[in-house]
Amino acid sequence: MVKRMGRSLKASEGGIEQALTALTGKGWRREDLKEQVGVSRSTVMNFFSGKPIDSSNFVNICQVLGLDWQEIARSPEQPPNNSADPDNIDRLVQKVRLSRRDQIQYQCGTLRLLDISRPIALTDIFTEVNVLEQINSQQWQDISELVKGFNPELNNFDRLGLGRVRQARVSGLDAVSRYGKLMVLGKPGSGKTTFLQYVAIQCNEGEFEPNRVPIFIKLKEFSEDASEEDKFNLLSYIIKQFNSCEIEPEITNNLLFEGKTLILLDGLDEVAEEDSDKVVREIRKLAQDYHKNYFVITCRIAASNYQFQKFTDVEVADFNSEQVESFAEKWFVAVARNNHSEGKALAHQFIDKLLRPENQSIRELAVTPILLNLTCLVFQVKADFPFNRARLYEQGLNILLRRWDEARGICRDEVYHSLTLARKKQLLSQLAAITFEQGDYFFEQSKIQRLIADYLHTLPNAKTDPNEMQLDSEAVLKSIQAQHGLLVERAWGIYSFSHLTFQEYFTAKQIVDSSESQAWEKLSSHISKKQWQEIFLLTSGMLPNADYLLQLMKQSIDQMLAKDEKLQRFLMWVNEKSISVDVPYKPMAVRAFYFALDFALYRLLYRTLDSVLDPDLYRAFELTFNCALDPAFDPALNPALDYSLVRVLDPILIHASKSELTTGRGLNLNRALDRALNLSFQPELRGALQQLKEQLPDPGIKDEEFYRWWKADGLVWTEQLKIVMIKHRNISHNWQFSYQHKELLRQYYDANNLLVDCLDRAYNVCPSLRKEIEETLFLPIAEIKKRAIAKG
């Protein structure tokens with residue numbers, strides 16, 4: 001309620017709730033509101049705590065939030081509270097919080113990160129936590145709805161779409177203030193405990209809920225102590241905590257009775273199974289007897305089998321890009337012990353490399369604190385990510401499968417615990433391989449349980465009763481979800497791997513562990529499929545010897561274009577053109593360059609409205625172009641000249657609409673032709689290009705004049721340029737490829753690049769095999785056979 005107190009106003013509970021809703025609706029934090037209104041942090045905190053503030057500030061805050069201050073200030077008639085003098089209670093809160101300050105600081109002021117040898121100050125590493133108000137696993141959705149926007153068959157599909165958040169995020173602190181009784185659910189390592197510690201510290205410092213005393217309890221420790229003493233009494237446990245700070249039980253009871261505490265209960269899922277019912281009963285009793293207090297409980301999302309009356313469930317959201325960047329900046333300063341400028345510079349390198357397309361699978365993992373910490377740790381060593389990603393993924397999986405629980409002394413239930421670590425990985429590999437082969441990234445619970453039951457049936461002393469097997473498969477599924485977070489419930493009864501990266505890793509592991517040529521032959525049949533590229537890269541890097549797989553890949557690539565005469569003629573031209581160019585590069589690199597150059601040029605000239613230039617191809621010959629400027633060889637035969645001629649067409653052909661054909665494009669056209677002239681040392685070619693340049697309009701003409709020139713003479717001028725390019729440089733041919741041809745050529749180009757990447761990642765490749773593969777890349781079948789015969 002809000003009462004007038006001289007020149008002060010204060011908000012009612014209903015008014016505070018409206019203000020929090022308005023704040024969330026604008027996507028603001030309290031810090032943002034402070035900046036918008038131009039008041040101090042304490043003023044904003046007091047407003048949301050129901051404390052009196054200056055009336056003008058009160059009105060301004062309401063106006064900025066779009067609220068009627070009189071409605072927020074209006075108080076319904078309420079019976080007086082004679083249990084205690086409010087002023088005395090507020091003074092008591094401040095006194096008790098001061099007495100317990102050191103204890104809360106000791107409990108919550110630091111945290112331990114895995115593989116870091118020392119405690120880290122919480123405030124040095126904490127990154128704001130957001131929560132989701134709708135629990136994904138409680139939503140009723142079909143698989144068809146979940147797969148919208150997630151298509152691994154696309155050339156540049158969004159891997160992050162697998163777990164994309166489709167609802168608004170809410171600040172964790174605002175959720176605590178709004179609901180008062182909160183169950184915070186989350187995956188392993190999502191930051192639940194750290195968030196609770198942060199809430200305690202903020203309250204301890206009077207920065208959050210300053211009219212309350214924080215109480216932080218690790219439920220695992222409470223249950224262990226209670227079990228030893230055979231006394232499960234949460235109230236007594238709290239009184240004992242306060243008593244250690246010389247606070248009398250009467251005072252503790254008074255604060256609880258008046259609702260002046262913020263009770264933070266961490267790790268309900270970490271309580272031993274035999275004690276869990278007793279602990280839950282104690283929480284319910286305390287929340288019911290002292291309902292005016294604020295409560296926050298944390299628990300792993302899949303282990304939340306209990307519901308608490310009047311509590312609201314929220315789910316910890318994965319980090320967004322801003323949170324990842326914030327965490328990295330703090331990590332490279334506080335954890336890596338760099339000074340501020342060095343740490344910030346390294347963090348910027350980290351983010352820059354994380355955002356590169358080739359690191360998308362790593363970026364997909366680095367959205368929870370536990371795996372982001374690992375990613376930073378690995379990057380710290382060489383200021384780069386490892387080229388062979390399999391080891392990084394293996395470390396991440398070991399953390400989730402074993403080390404995270406071990407580090408905190410937690411033992412889980414026996415159904416899944418009876419599987420050794422090796423068998424856990426074997427089971428997950430089988431699940432991943434079967435679902436990935438079938439193209440299933442989301443699967444119904446009944447299906448995944450059947451697959452688990454099939455695996456359990458192969459184990460020694462396996463149960464044979466179908467009903468028992470059904471129960472065990474369900475228990476194993478829930479355990480994988482709760483203990484390790486490797487399988488997650490995306491909607492009610494619909495599961496997926498937590499990250500596509502893990503599904504790919506386990507699929508590759510299944511292929512490697514099978515050690516059967518049939519598995520490698522089956523893999524090679526997927527060489528043209530975009531969604532299988534990461535499987536190839538991981539498998540080649542994990543195999544002790546990848547020679548046979550690399551041979552199979554090369555054979556499959558060659559067969560992609562083998563039966564099409566037109567495409568074979570194109571490859572013959574690529575080979576002939578590359579032979580005619582005297583450059584100090586490997587022949588396969590020159591062939592790849594001209595393949596991309598002429599194919600990309602064709603796509604520029606004859607592109608349809610719904611097709612775009614492949615950015616990977618563009619970057620490929622951009623890089624080659626820059627390298628080709630090396631003066632070590634004759635510029636007359638330089639690929640840079642051919643590329644420059646292609647770029648002459650670029651300003652016009654990509655931007656042919658009136659709105660896009662500006663004088664800026666005309667200037668670019670002139671500059672591109674000038675560059676080609678500078679690289680042309682053949683008199684006849686220079687003369688032809690000079691004549692074409694003289695036909696161009698003045699670079700400084702107005703937009704309308706340039707457009708009129710293009711409509712009248714642009715197409716004729718372009719055809720003349722193409723004739724010059726074919727005559728003098730043997731490029732820019734009209735191959736008349738169909739849509740199917742273009743798709744095959746793109747797949748063929750991508751597959752060759754993939755093979756080269758696999759060659760680089762593979763261990764112990766036979767030198768003669770490596771040489772043979774490199775020498776025959778981008779060659780027509782006839783030339784490959786000819787070389788094989790000559791080799792004998």
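This is a predicted model: local features need pLDDT of at least 70, side-chain atom pairs count only at pLDDT 80 or more; totals for chains, interfaces and linings use all residues.

**Helix α10 and what follows**

Student: How far apart are the end C-alpha atoms of α10?

Tutor: The expected span of a helix is 1.5 Å times one less than its number of residues. Helix α10 (residues 192–204) has 13 residues and therefore should span 18 Å. The end C-alpha atoms agree with this, as their separation is 18 Å.

Student: How many residues of α10 are buried?

Tutor: A residue is called buried when its relative accessible area is under 20%, exposed when it is over 50%, and partly exposed in between, using a 1.4 Å probe and protein chains only. Among the buried residues of α10 are Lys192, Phe195, Leu196 and Tyr198. The helix is mostly covered, and the number of buried residues is 11 of its 13.

**The whole chain**

Student: What share of the residues in the protein is buried?

Tutor: The secondary structure comes to 37 helices and 15 strands. A contact means heavy atoms within 4.5 Å, and of the contacts with a separation of 6 or more, 75% come from residues 24 or more positions apart. Of the 792 residues in the protein, the buried share is 53%.

Student: Which side chain is joined to that of Asp266 by a polar contact?

Tutor: Asp266 lies in strand β10 (residues 261–266), and it counts as buried because its relative accessibility is 1%. A polar contact is a pair of N or O atoms within 3.5 Å; within protein, one must be able to donate a hydrogen and the other to accept it, and residues adjacent in sequence count only if both atoms are side-chain atoms. Leaving aside neighbours within four places in sequence, Asp266 is in contact with several residues, including Leu196, Phe216 and Thr298. The polar contact, at 2.9 Å, joins the side chain of Asp266 to that of Thr193.

Student: The backbone nitrogen of which residue is reached by the side chain of Glu364?

Tutor: Glu364 is placed in helix α17 (residues 360–365), and it counts as buried because its relative accessible area is 4%. At 2.8 Å, its side chain reaches the backbone nitrogen of Thr501.

**A buried strand residue**

Student: What distance separates the C-alpha atoms of Val314 and Thr298?

Tutor: Val314 belongs to strand β12 (residues 312–316), and with 0% relative accessibility it is buried. Val314 and Thr298 are 16 residues apart along the chain, and their C-alpha atoms are separated by 9.8 Å.

**Positive phi in loops**

Student: Is Phe778, with its positive phi, buried or exposed?

Tutor: Most residues other than glycine have a negative phi. Ala383, in the loop between α18 (369–382) and α19 (390–407), has a phi near 55° and is partly exposed because its relative accessible area is 23%. Phe778, in the loop between α36 (767–775) and α37 (781–791), has a phi of about 60°. With a relative accessible area of 4%, Phe778 is buried.

**An enclosed space**

Student: How much space lies in the largest cavity?

Tutor: On a 1 Å grid over the protein atoms alone, a cavity is a set of points where a 1.4 Å probe fits but cannot get out, and lining residues have an atom within 4 Å of a point. Grid points are joined across faces, edges and corners, and a volume is the space filled by probe spheres set on the points. There are 3 cavities of 30 Å³ or more, and the lining of the largest cavity includes Lys187, Thr368 and His484. The space in the largest cavity is about 80 Å³.

Conventions. Residues are numbered from 1 along each chain as its sequence is written. Side-chain values use heavy atoms; hydrogens and water are left out. On a 1 Å grid over the protein atoms alone, a cavity is a set of points where a 1.4 Å probe fits but cannot get out, and a pocket is an open set with protein on both sides within 12 Å along at least five of seven lines; lining residues have an atom within 4 Å of a point. Helices (H or I, at least four residues) and strands (E, at least two) are DSSP runs, numbered from the N terminus.
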